[in-house]
Amino acid sequence: MTLPIPLRRAANRAVQTEAGALIDPAATRAQPKPQLRRYEVSSLLPNGDIAETRHIAPALPIFEDAFCAFTRGSMVETESGAISVEDLLPGDRILTRDGESQPLIWKGSTTLVPGRPGPQGRNLRLTRIMADSFGMQRPMSCVIAGPSARILHTPSHLRAVSGGLQILTPVREFQDGMNIVETAPPTPVELFHICLPRHAVIRVAGLEFETYHPGANAARHISHTMRNVYLDLFPHISQLGDFGELAYARAGDGDHDALMA
């Protein structure tokens with residue numbers, strides 16, 4: 001009698017099948033899975049209406065950075081005076097450093113726990129900036145900034161590579177343990193970011209922060225599949241290039257995104 005499958009191959013298959021059946025389901029559930037986060041978006045539609053949407057998307061750096069610049073109570077200068085970031089509405093005109101104003105076209109928010117490490121151990125802690133840390137009324141009162149906030153100011157340790165330019169620098173680069181300190185509340189904190197039609201520098205409590213822009217190298221940090229998920233968060237654009245050029249040189253995470261801007 002001729003066997004359809006050699007005995008050795010049949011034995012190997014039996015061993016593989018048995019091994020697969022003995023996999024511990026608990027071990028399978030314990031394998032790391034991509035962390036998701038809820039993001040809330042308010043955007044200005046072409047007809048002037050305001051759209052409010054909620055999204056579930058990955059907790060990847062490029063996603064989180066779009067929402068984690070300002071804490072509740074951060075006072076943004078507008079044509080109507082200083083307004084808390086949580087009270088801003090799409091269509092409000094935001095004053096920029098160059099003396100003009102631009103309409104707010106997008107505001108995003110999310111909630112995180114700064115005292116808990118983010119995915120892959122990423123530091124999501126806040127930075128507390130005491131009044132007058134950068135000079136008289138800069139800021140006018142205590143400001144608590146999120147992990148993705150950048151200020152138009154060059155710290156001493158970056159002046160050699162900035163070429164004498166003022167660059168947009170992550171707030172954590174200014175932490176000195178005295179006037180500017182890291183803080184990590186163990187409770188949930190709501191964070192915000194905003195977009196204008198063009199990347200700009202705005203004043204928040206007297207300090208000059210940037211509006212949101214993913215950076216000149218954004219395409220290098222996101223896959224083609226994730227790019228579509230990311231772009232869905234921004235109804236006013238259809239591709240990364242629609243964010244336009246950076247208004248000022250910007251220090252990135254390790255690179256200088258824009259000494260070419």
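A: Let us begin with pairing: two strands pair if DSSP finds at least two bridges between them. The model shown is predicted. Here, strand β3 (residues 70–71) pairs with β14 in the antiparallel sense over 2 bridges, and F70 stands opposite F192 in β14.

Q: Over how many bridges do strand β8 and β14 pair?

A: Strand β8 (residues 106–112) and β14 are antiparallel and pair over 7 bridges. Within β14, H193 is the bridge partner of G108.

Q: Why is strand β14 described as largely enclosed by the rest of the structure?

A: A residue is buried when its relative accessible area is under 20%. In β14 (residues 189–195), 6 of the 7 residues are buried, so the strand is largely enclosed by the rest of the structure.

Q: Which residue forms a salt bridge with E190?

A: A salt bridge is a side-chain nitrogen of Lys or Arg within 4 Å of a carboxyl oxygen of Asp or Glu. R72 forms one with E190, their closest N and O atoms being 2.8 Å apart. R72 lies in the loop between β3 and β4 (75–78) and E190 in strand β14, so the pair ties together parts that are 118 residues apart in sequence. R72 is partly exposed at 48% relative accessible area, and E190 is partly exposed at 25%.

Q: Is E208, which meets R97 in a salt bridge, buried or exposed?

A: E208 is buried, with a relative accessible area of 10%, whereas R97 is partly exposed at 36%. The N to O distance of their salt bridge is 3.0 Å.

Technical notes
Residues numbered from 1 in each chain as written. Predicted model: local features only at pLDDT ≥ 70, side-chain atom pairs only at ≥ 80, totals over all residues. Heavy atoms only, no water. Buried < 20%, exposed > 50% of the residue type's maximum accessible area, 1.4 Å probe, protein only. Helix = DSSP H or I, 4+ residues; strand = E, 2+ residues; numbered from the N terminus.
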